[in-house]
Each structure stands twice: as C-alpha cells, then as structure tokens.
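Please open the sequence and the 3D view, and follow along topic by topic.

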Amino acid sequence: MVVYLLDYGAGNVRSLVNAVKKIGHDIKPITCVEDFDKASKIIFPGVGAFGPAMESLRKKGFVEPLKKYIASGKPFMGICVGMQSLCLGSEENPGVEGLSIIPATVKRFNDKTKTVPHMGWNGAHLEKEQSQDKSSLSSIQLINHRGEESTFYYFVHSYAIPYSEDIKDWVLSTTTYKDEKYVSSIQKGNIFATQFHPEKSGYAGLMILKAFLDFGEENKEVSSNVVAPLSTPCRDRLTRRIIACLDVRTNDQGDLVVTKGDQYDVREKKDGNNVRNLGKPVDLAKRYYEEGADEITFLNITSFRDCPLRDLPMIEVLKRASESIFVPLTIGGGIRDLTDPDGVFHPALEVAGEYFRSGADKVSIGSDAVYATEQFIARGNKPSGETAIEQISKVYGAQAVVISVDPRRVYVNSPEDAPNHHVLPTKYPGPNGENYCWYQCTVKGGREGRDVDVYQLVTSCEAMGAGEILCNCMDKDGTNSGFDLELIEDVKKAVTIPVIASSGAGKPEHFTEVFEATNVEAALAAGIFHRREVPIVSVKEHLFDTNVPVRPVEK
Ligand code: 1PR
C-alpha cells in the first residue's frame, strides 16, 4: 500500500518516511491537487509553526482538496502541527485560519509554571473506550496488550489543544504537563491524529504507525497490541531524558570515528598520540537506540575546519542513522555560515536545512552562538534577526535549535575581580584557594576562550530564539567525577527553555544527583556508554528506583 505524505517542506520528514518503509509500506509525497484523489491514505506530519504550515497549504492550493479528502471518509493521520491544523486556529499565529474541523483553538503552554517547549517522553491517558471493531480507526489503541496505559511517546511542542468537554467526542487521549491537561491524540471517524511524534517514539510509535498503515488492508488487521509491555510509576509525567552523545571526527588514518576526550583532549597519551577510536558512528548510535537512549546527539568536533557543504561528513552518518533509529537525533558542529573552497557561500540556515533533510531533528550550535552573543551584547542586548540562531529558529522552530556550551572555570577571589561577569561562589576552591569562579565560554572545541560567560550566553541565546541548552563543562569532561552541579544549577535558573546536563557522568548515581539537585530536563553522557562501563539500562533502573521519572527501556 502507498501512503501519501503531505509535506510542505518545513522540517525533517525523513524519519517518518524511514519509519513507514521500516514497517513495510511505500510512501510518496503529494505534489499536486490530483494526488488527493489518488490517495487512499494520507499522513500530514506538520513540523514547525502553525501559521507557516497553513499558509504553505493555502499557497499550494491544498486546503480545499485536503478538506474534501477528509470529508470523503478515507483515512487521515495528522502528527503534531498536522493535528493542530484540524482546529479553528492557534495562538501561535492569530488570524491564520485552520482547517476548522475540530471546534477548538490551539493555545500556548503557560511558561510561568513550567519549561516550554514541552520536550521529551510523556504518557497518554485514554479518555474513551476503544472499539474492538477492526473496521474502524477507533480500534487503534494506545495501550499495551495487558491493557495498561504505560507507554511513553515523544512530544516536542509549545502549543497544544487544551482538553475541554466540548470536544470530548474527538479526544482519544490526554496528557498532563505539570498544571495543564491537553489533547494528545484524537480519533473520530476516518481521522486519527497525535500531538506526539510516533516516528520518534521508538517501538511504541512504530506500532501506532503500523496500526494506521495496516488499517483496511487485506489480510491485515489493526493490531490491538500496539505497544510493548512496560511498567512505570509515572504515566502522566514528563520523563527525564537520557542522551547518548557521540563526538565524531576523522582520525589520522582518514576514517570517521567516534572519539572521546579527557577535558576535550581526544589523543591517547600513549600509543603514538593517536586519536582515540571508540567505534563507528552509525553502529554505536544504533546500539544506544536499542539499549534505550531517549535521544542521540552527534557532534562533529573538528567542524571548525573548512569543508565544502556537499562533503560534510555527518550528512551520510545522519542519513544512515535515521534509517533505523526512531528517537530524536541532534547534530552539532559546523552549524554556521560556510564558504566552500570554490568560493560558494552557504548561509547557516542552508547548512542546517541540509542536516534536517538528512534526518536531524535538532541542530546544535557551539562557536557561532558565542559570536552571536558577543554581537547581541554589543547591540545592547538586542537581536538582529540575522544570526544563525534566529534564522533557523524562525524557519524550523525554537525546539530545533540547541546551544552547545563549552565552558571552563575561571577562579577569582571575589566578584569584584571579574566585574563584567556572572561570578558564583564555589564549594570547590581554585588552585590558590579562590572561593569564586565564573564560567568562560570557548569556541573551536575549547581551543580559544572568549570574554563571554555562560550566563550571558544562555540568556542571550534564549532571547534570540534557542530552544534548548546543552551544558558541557570542560573541567568535568571525561573525568567520571559527576556533573558540575554549580554550573548546571545556575544555567537552569537562568533560562526557561530545557537544559541538558553534560560532562562528567561516571555512575548511575550521578544522574539522580543532577536531576535532583538542578531539576534539568535531560542528562547526557558519552565515555561511560562507549566504554561499556555503565549501560543505559542501569542508569534508567537507578533513576526509576530513586523515583526519577524515566522512559523504561523497551524490551
Ligand atoms: O563550535 O558549533 O562547530 O560545534 C562543535 C561541537 O563539538 C560543540 O558542540 C563542542 O561541544 C564539540 N566539541 C568540540 N571539540 C570537542 C572535544 O571534545 N575536543 N566535544 C568537542 C565536546 C563534550 C561533550 C561530551 C560530554 C560528555 N564534547 O559532547 O560528550 O562532555 O562526556 P563524558 O560523559 O565522557 O564526560 P561548533
């Protein structure tokens, strides 16, 4: 069966295409109005913002054909903005009319009470009895074979359809994010839609897609056992994410390898000073997906060296990784304006677009964020609209822009010693007994320190439209001594967007410690996973045992 994909070109649909193929179906894009008549199933994976999605449909003349298709009774599946588009409109872009099929308006989450975007794995609470009638889409189930609503799905959004009795007949499930209960999936007649991303929700998500794709097929019935049997203490609660990070570079033999530094030095102290080789990027990433990583991050750590856009080594890695990994993928390193050796200029937005089309869900910006912050401060804390952060965030959404910070401690005796910087008292005095420090941002993989501190960086980048902070720490990287809690707590308090703690994880207890002490949304590790010192499942079991909500490892 061929399913038609309503792609308006705003983001990564490669993972959806890969997921559909993995399940054994064909998928092709809707390119013209006539395709709506040919289609017997349509998926609309809305990515980005509500307004541009609707306007793009309008520009292409797709709004009426889509409404006609839906009214015909043929199966339709919306994902994220694809679901929201069924509403009257959205607070995200007031005045832009939706498809007006569901009598509701999409609203922004209240960021006074919680971190926005809502990003990560959360549960889905069934609001209506599911039908056993296999000839109806209402038999697609969000529960597991034991009838427990115990599976998590991947969400990433700042806007949602609030739950209300008025739209009760549409609502299949709701999800609670702190103080707000919203609609996480709908089903009525031929319409099925999810706020979460099934194509990024591991096995559970693939099974939902499969149920939709198999629906109505001869010899196939909608599976009622759509998710793996898992047990969890926390159904309606955003889980903390565990991220596996792969630092990638070319070694001296010219092979692309996963490496790992000690405080950013990736060369062996013995063995000819070679670049440490810990495996192949795609193989390792697949292993981490199978072992239960909630996200995978690839960092091209020598990206400050110039390379033509068409030869960027991580493009192929992403393409291959996204064929078999169905959790979010982030790519970092070299997200900036590029000039090819033949003089052709590519703005950062184009570079990022290349990565999104190759399978990335987010891009992570390091050095360029430091330069953008310097300019932001020089302009009197005003955005210019021209930085990579602003441009990528505008087109692909804030959730797609991560800022990777590479700070190192600068010790001082008192705050007066660094009047232009955000100075913190520290419990771990410096080499000369200094009781204060500030965190200096670096560029080019820690090779050059700049006169910008981490507080300035993260607050400026949030103001410019970044959606998440990846907080590394050069002093802690590769030490196995635990995260820098002072740094991470300070960053978490400085911003309202999600924060990922990174650098220094050495044992499962370090993860509980960082979540409890700082309230970050995610924690990332590299060395302990690469060297098989601590499996991801042990980290999750420890978190589970200490009552930190996590997505259990799928069996
Ligand atoms: O500046 O935008 O081109 O991005 C370059 C990217 O490469 C940045 O995100 C920067 O953090 C990263 N990078 C550059 N050089 C290195 C290096 O190690 N020599 N790696 C590097 C950064 C830090 C983390 C690491 C954690 C966890 N590595 O990614 O994975 O510290 O490690 P651990 O659990 O083993 O302690 P741009």
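Strand 14 (241–250), strand 20 (362–365) and helix 10 each give at least two residues to the shell around the ligand. Helices (H or I, at least four residues) and strands (E, at least two) are DSSP runs, numbered from the N terminus. This is a predicted model, in which local features need pLDDT of at least 70 and side-chain atom pairs count only at pLDDT 80 or more, while totals for chains, interfaces and linings use all residues. Residues are numbered from 1 along each chain as its sequence is written.

**Around the ligand**
- Among the 33 residues around the ligand, those that come nearest are Gly 366, Ser 367, Ser 404, Gly 445 and Gly 527; a residue is near a molecule if its C-beta atom, placed from the backbone, lies within 6 Å of it.
- Sorted by class, the shell holds 11 nonpolar, 17 polar and five charged residues.
- Here Ala, Val, Leu, Ile, Met, Phe, Trp, Tyr, Cys and Pro count as nonpolar, Asp, Glu, Lys and Arg as charged, and the others, Gly among them, as polar.

**Cys 80**
- Look for Cys 80 in strand 4 (residues 76–80).
- An unreviewed UniProt entry annotates Cys 80 as "binding site"; UniProt positions are given in the numbering used here, feature names are shortened, and annotations may be inferred rather than shown by experiment.
- Cys 80 counts as buried because 25 other C-beta atoms lie within 10 Å; the cut-offs are 20 or more for buried, 12 or fewer for exposed, and in between for partly exposed, with C-beta atoms placed from the backbone.
- Beyond its neighbours within four places in sequence, Cys 80 is in contact (C-beta atoms, placed from the backbone, within 7 Å) with residues including Pro 45, His 157 and His 197.

**Helix 3**
- Phe 50, Pro 52, Ala 53, Met 54 and Leu 57 are the buried residues of helix 3 (residues 50–59).
- They pack against several elements, including strand 3 (42–46), helix 4 (63–71) and helix 5 (81–84).
- Just after helix 3 comes Gly 61, with a positive phi of about 75°.

- Most residues other than glycine have a negative phi, and most peptide bonds are trans.
- Asn 381 has a positive phi of about 60° although it is not a glycine, and this residue is exposed because it has 12 C-beta neighbours inside 10 Å.
- Asn 519 also has a positive phi, about 65°, and sits in the loop between helix 14 (508–518) and strand 28 (522–525).
- The peptide bond from Val 116 to Pro 117 is cis, with omega near 10°.

Definitions and conventions:
Two residues are in contact if their C-beta atoms, placed from the backbone, lie within 7 Å.
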